[in-house]
Amino acid sequence: MKSLRFKISLIVLSFTIKAFAQVPFDGDIKNNSLAVSPDEKIAVASYSDSTEIKIYDLSKAELKTTIKGFVNPRNILFSPDGKLIYITDSSLGYLMVYDSDNYQLIKKYPVGYGAFGTAISNDGKQLFINNEAANTVTLVNPGTSEVKNIITGFHQPRQGVKFNPDNTKLYVTNFGNDHITIVDVKTLKIEGEMEGFNKIRAISISKDGKTLYAANSGTNELLMVDIAGKNIIHRIQVGKDNYGASLSPDGKLVLSGNKIDNTISVVDVKTNKNIQTIKGFKEPRQAIVFSKDGKFFYVLNNDLSVDKVSMANYKIVQSMK
């Protein structure tokens, strides 16, 4: 407990020193984020070089509102009930919580400069926040606003962080050493690592919890990893500088956003082949989200526009700007 209090005190001290700076803390690191509400009525989009968050009305395919005041927004997610929007900003050092009805700021968690990727449990009671600057992962209880723990031992954990389906394990990507760290959610202890990656980006995990899919941007490959054996079992060539690894709801396809190519690669996980290349995007990265029925997916471009793509013919059917 004393150790935890000491770590929290360091965070508070850091904020006291830099409270009025509000300048890019790690502006050389670029990423984007896109979250779709559970009822699929709105999409919330960010790009780390933009100080604004865009909210789109998906039924009308148009911009609904803009939230200003960010420096380097990093990751967006909804609470499981869709009532709250969580947004991290690595330069402000906060996890900020917004009401999804009126888009007003409700609260801010001071979690330290470098706050990056986030993951929330199915019951909404555990929220983990990667901190790429402090090399830590912070656990927050959203219900009590309490920082429950700060886990150490990471190497630049950025956007990639995912629960397994039953929420017993947390998988954290480390851009600094290209490892994936496995955290036991009950004990909050690191229980192992996966190696062999090169500029690892986004990750997804199969519904049975046996396979992990990783964007390996250093080699332009989508990797399939056997979780039990902690080893890479397949390498699929995709586009240049791939960031995305978005798994379809039925678990049959994985989408990879290829920043340099301005394309999306469609990978069949049964045949381990890149079966389609979709063109017409602007630096697509990690921000790729499927509709619940798997008939469409949304892609965020670098100008904060969002394209809706049909899985029936792999064509862009709507563009929201």
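Visitor: Why is F25 called partly exposed?
Guide: F25 has a relative accessible area of 34%. Buried means under 20%, exposed over 50%, and partly exposed in between (1.4 Å probe, protein chains only). So F25 falls in the middle class. This is a predicted model, where local features need pLDDT of at least 70, side-chain atom pairs count only at pLDDT 80 or more, and totals for chains, interfaces and linings use all residues. Residues are numbered from 1 along each chain as its sequence is written, and side-chain values use heavy atoms, without hydrogens or water.

Visitor: How many aromatic pairs are there, and what makes F25 and Y113 a tilted one?
Guide: There are four. F25 and Y113 sit 5.5 Å apart, centre to centre, with 40° between the planes. Rings of Phe, Tyr and Trp (its six-membered ring) pair if their centres lie within 6.5 Å; planes under 30 degrees apart are stacked, over 60 edge-to-face, the rest tilted. Therefore F25 and Y113 pair, and the pair is tilted.

Visitor: How do you know that Y113 is buried?
Guide: Its relative accessibility is 9%. The limit is 20%, so Y113 counts as buried.

Visitor: Why is F70 called buried?
Guide: Because its relative accessibility is 4%.

Visitor: What makes R201 lie over the face of Y243?
Guide: R201 is at 4.1 Å from the ring centre. The rule asks for NZ of Lys or CZ of Arg within 6 Å of the centre and within 35 degrees of the ring normal.
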